[in-house]
Amino acid sequence: MEEYYVYILLCSDGSYYTGVANNVDERLAMHQSGDDPSCYTYNRRPVKLVFAETFREVSDAIVWEKQIKRWSRKK
């Protein structure tokens with residue numbers, strides 16, 4: 001059974017990035033390497049993983065990611 005992760009990265013500029021992945025270690029490495037110049041984290045490296053939660057269903061992970069993205073900075 002595949003697992004999915006909602007993860008939060010702390011960027012070097014103090015901002016946060018939230019995403020969903022099926023391999024959080026691989027996705028973190030992609031953010032760190034700067035493979036995609038159009039990615040939010042590209043000019044905000046290095047990034048640090050500060051939160052990850054596992055889900056069995058990708059749909060549940062996506063719902064949680066969207067909820068996190070609506071949170072205030074204070075939360």
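This is a predicted model: local features need pLDDT of at least 70, side-chain atom pairs count only at pLDDT 80 or more; totals for chains, interfaces and linings use all residues.
## Strand β1 and its partners

Strand β1 covers residues 4–10, and because 6 of its 7 residues are buried, this strand is largely enclosed by the rest of the structure. Strand β1 pairs with strand β3, residues 48–55, in the antiparallel sense over 7 bridges, and within this pairing Y7 stands opposite A52 of β3.

Strand β1 is also joined to strand β2, residues 16–21, by 6 bridges, and these two strands likewise run antiparallel; here L9 faces Y17 of β2 as its opposite residue. The two strands β1 and β2 form a hairpin with 5 residues between them, and in the turn G14 has a positive phi of about 90°.

## T41, a buried loop residue

T41 is placed in the loop between α1 (24–33) and β3. With a relative accessible area of 1%, T41 counts as buried, because the cut-off for that class is under 20%. The side chain of T41 makes a polar contact of 2.8 Å with the side chain of H31.

When neighbours within four places in sequence are left aside, the contacts of T41 are L9, C11, Y17, H31 and V47. Y17, for its part, touches Y7, I8, L9, C11, R27, H31, Y40 and T41, not counting residues up to four places away in sequence.

## Aromatic pairs and charges over rings

The model has 3 aromatic pairs. One of them is formed by Y17 and Y40, which are stacked, with 6.1 Å from centre to centre and 20° between the planes. This pair links distant parts of the chain, since Y17 belongs to strand β2 while Y40 lies in the loop between α1 and β3, 23 residues apart. Y17 is buried at 19% relative accessibility, whereas Y40, at 33%, is partly exposed. The pair formed by W64 and W71 is edge-to-face, because the ring centres are 5.6 Å apart and the planes stand at 85°. Both tryptophans are partly exposed, W64 with a relative accessible area of 21% and W71 with one of 31%.

Y7, Y17 and Y40 together form one aromatic cluster. Two arginines are also placed over tyrosine rings: R44 lies over the face of Y40, at 3.8 Å from the ring centre, and the charged end of R45 sits over the ring of Y42, 4.7 Å from its centre.

In soluble globular proteins, nonpolar side chains tend to be buried together. The largest nonpolar core in this model has 8 residues, namely Y5, Y7, L9, C11, Y17, A21, V24 and V47. Strands β1 and β2 are the elements that give two or more residues to this core, and the largest share, 3 residues, comes from β1. A second, separate core of 6 residues includes V6, I8, F55 and I68.

Definitions and conventions
Residues are numbered from 1 along each chain as its sequence is written. Side-chain values use heavy atoms; hydrogens and water are left out. Buried means under 20% relative accessible area, exposed over 50%, partly exposed in between (1.4 Å probe, protein chains only). Helices (H or I, at least four residues) and strands (E, at least two) are DSSP runs, numbered from the N terminus. Two strands pair if DSSP finds at least two bridges between them. A polar contact is a pair of N or O atoms within 3.5 Å; within protein, one must be able to donate a hydrogen and the other to accept it, and residues adjacent in sequence count only if both atoms are side-chain atoms. Contact means heavy atoms within 4.5 Å. Rings of Phe, Tyr and Trp (its six-membered ring) pair if their centres lie within 6.5 Å; planes under 30 degrees apart count as stacked, over 60 as edge-to-face and the rest as tilted. A charge sits over a ring if NZ of Lys or CZ of Arg is within 6 Å of the ring centre and within 35 degrees of the ring normal. A nonpolar core is a set of buried Ala, Val, Leu, Ile, Met, Phe, Trp, Tyr and Cys residues joined through side-chain atoms within 4.5 Å.
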